[in-house]
Amino acid sequence: MKIPWQDRPDNSNDVLWRYSENPIINRNDIPTSNSIFNSAVVPFEDGFAGVFRCDNKAVQMNIFAGFSKDGIQWEINHEPIRMQAGNTSMIESDYKYDPRVVFIEDRYWITWCNGYHGPTIGIAYTFDFKEFFQCENAFLPFNRNGVLFPEKINGRYAMLSRPSDNGHTPFGDIYVSFSPDMKYWGEHRCVMKVTPFQDSAWQSCKIGAGTVPILTDEGWLIFYHGVINTCNGFRYSVGSAILDKNEPDKVKYRTQPYLLAPTELYEQVGDVPNVVFPCAALHSIEEDKVALYYGAADTVTAMAFGRISEILEFTKKNSLYNIVSYESVSGYEESH
């Protein structure tokens, strides 16, 4: 299946470059929406399917299914997903937002930030993006940014997450947890911590997993968001890291510079200014391509492109661990 693609502009040397027709999904693309952003897509049948964060005009947060032939033009359902009982009867929640989607074995799994006495990680599965079956929440509150690996690691499901608080969390590191059955989660391990301001300020306040990891010859390639707390509030950018294939709590390389930051008007102006937030990455190892979907200014959905080989090389050459000595960075020795 051909993933969406646009060649790098002649005047660009960036490792990730934006789609010239961004944003691909506008804030009011369904009748009730205030904003559509931080959404995830996967290949499905002869096209693509996705789960989309749509905040309505009462700013109630929920997730909606959608379909596309080309990954760019989307038809999003006008009603939110209605969950059925999966491995639990507890399927009510106060809100649902920031979904991720991944195909594992025989079905599509959805994770999202689920409102259950505060934010935690909701899990559901579907076979057809028409019927959805909700499972037990993965963790106690408070947690966000649950991202499943696309295959079992050493016989267990694995998920990245970011323990948080009940508000606009001013802190956060990335952890990995494991499960034998997608119901009970444990063996929590720290993967990456925030950086000292002087070493890489764009990711010095909090970080969180973004897209489903991509397995490469170098290890698991992940895109993640990093946040700096500025005098004008939080600013979200995108970085990349390479995790060990068999021990994903071990970080081999991690970018000191960001790959993408809010510089375009639709990224800087919106309900929450200065945000680029990655949630999905369609990829083809054979074609050396990745199409990154990201939320912009918590308002619209945009897309960027890159060459996997170039991103891997950039991540290795510009790795924080190559530049900063472990002794000078609190916490790095635990995650490297």
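Guide: A residue counts as buried when its relative accessible area is under 20%, and as exposed when that area is over 50%. Please keep in mind that this is a predicted model.

Visitor: What percentage of the residues of the protein count as buried?
Guide: The cut-off to apply is a relative accessible area under 20%. Taken over the 336 residues of the protein, the share that counts as buried is 59%.

Visitor: What is the radius of gyration of the protein, beside the value that the globule rule gives?
Guide: The secondary structure comes to 4 helices and 22 strands. For 336 residues the globule rule gives 20 Å, and the computed value is close to that, so the protein is as compact as a globular protein of that length. Along the principal axes, the C-alpha trace spans about 50 × 45 × 45 Å. The radius of gyration itself is 18 Å.

Visitor: What share of the contacts with a separation of 6 or more comes from residues 24 or more positions apart?
Guide: Contact here means heavy atoms within 4.5 Å. Among contacts in the protein with a separation of 6 or more, the share from residues 24 or more positions apart is 53%.

Visitor: Is Ala49 buried or exposed?
Guide: Ala49 lies in strand 3, and, neighbours within four places in sequence aside, its contacts include Val42, Phe67, Trp74 and Phe129. Because its relative accessible area is 0%, Ala49 is buried.

Visitor: How far apart in space are Ala49 and Ser204, C-alpha to C-alpha?
Guide: Along the sequence, Ala49 and Ser204 are 155 residues apart. In space, C-alpha to C-alpha, their separation is 34 Å.

Visitor: Which residues lie nearest the centre of the largest pocket?
Guide: The largest pocket has a volume of about 760 Å³, and its lining divides into 13 nonpolar, 11 polar and 9 charged residues. Among the elements that give two or more residues to this lining are strand 7 (96–104), strand 11 (143–148) and strand 18 (233–243). Of the 33 lining residues, those nearest the centre are Arg53, Tyr97, His168, Tyr236 and Asp298.

Visitor: What is the phi of Asp298, given that it is not a glycine?
Guide: Asp298 is found in the loop between strand 21 and strand 22. With a relative accessible area of 17%, it falls under the 20% cut-off and is therefore buried. Its phi is positive, at about 50°.

Visitor: Where is Asn145 found?
Guide: Asn145 has a positive phi of about 60° although it is not a glycine. Asn145 is also buried, with a relative accessible area of 5%. The element in which Asn145 is found is strand 11.

Visitor: Which residue does a cis peptide bond join to Phe142?
Guide: Phe142 is found in the loop between strand 10 (132–134) and strand 11. The cis peptide bond there has an omega of about 15°, and the residue it joins to Phe142 is Pro141.

Visitor: What is the omega of the cis peptide bond between Asn22 and Pro23?
Guide: Pro23 is found in the loop between strand 1 (17–18) and strand 2. For the cis peptide bond that joins Asn22 and Pro23, omega is about -5°.

Visitor: What is the relative accessibility of Thr211?
Guide: Thr211 has its place in the loop between strand 15 (206–209) and strand 16 (214–216). Leaving aside neighbours within four places in sequence, its contacts include Val147, Phe223, Pro278 and Leu292. Thr211 counts as buried because its relative accessibility is 0%.

Note on methods. Residues numbered from 1 in each chain as written. Predicted model: local features only at pLDDT ≥ 70, side-chain atom pairs only at ≥ 80, totals over all residues. Heavy atoms only, no water. 1 Å grid on protein atoms, 1.4 Å probe; cavity = no way out; pocket = protein on both sides within 12 Å on 5 of 7 lines; lining within 4 Å. Points joined across faces, edges and corners; volume = space filled by probe spheres on them. Nonpolar A, V, L, I, M, F, W, Y, C, P; charged D, E, K, R; others polar. Buried < 20%, exposed > 50% of the residue type's maximum accessible area, 1.4 Å probe, protein only. Rg over C-alpha atoms; globule rule 2.2 N^0.38 Å.
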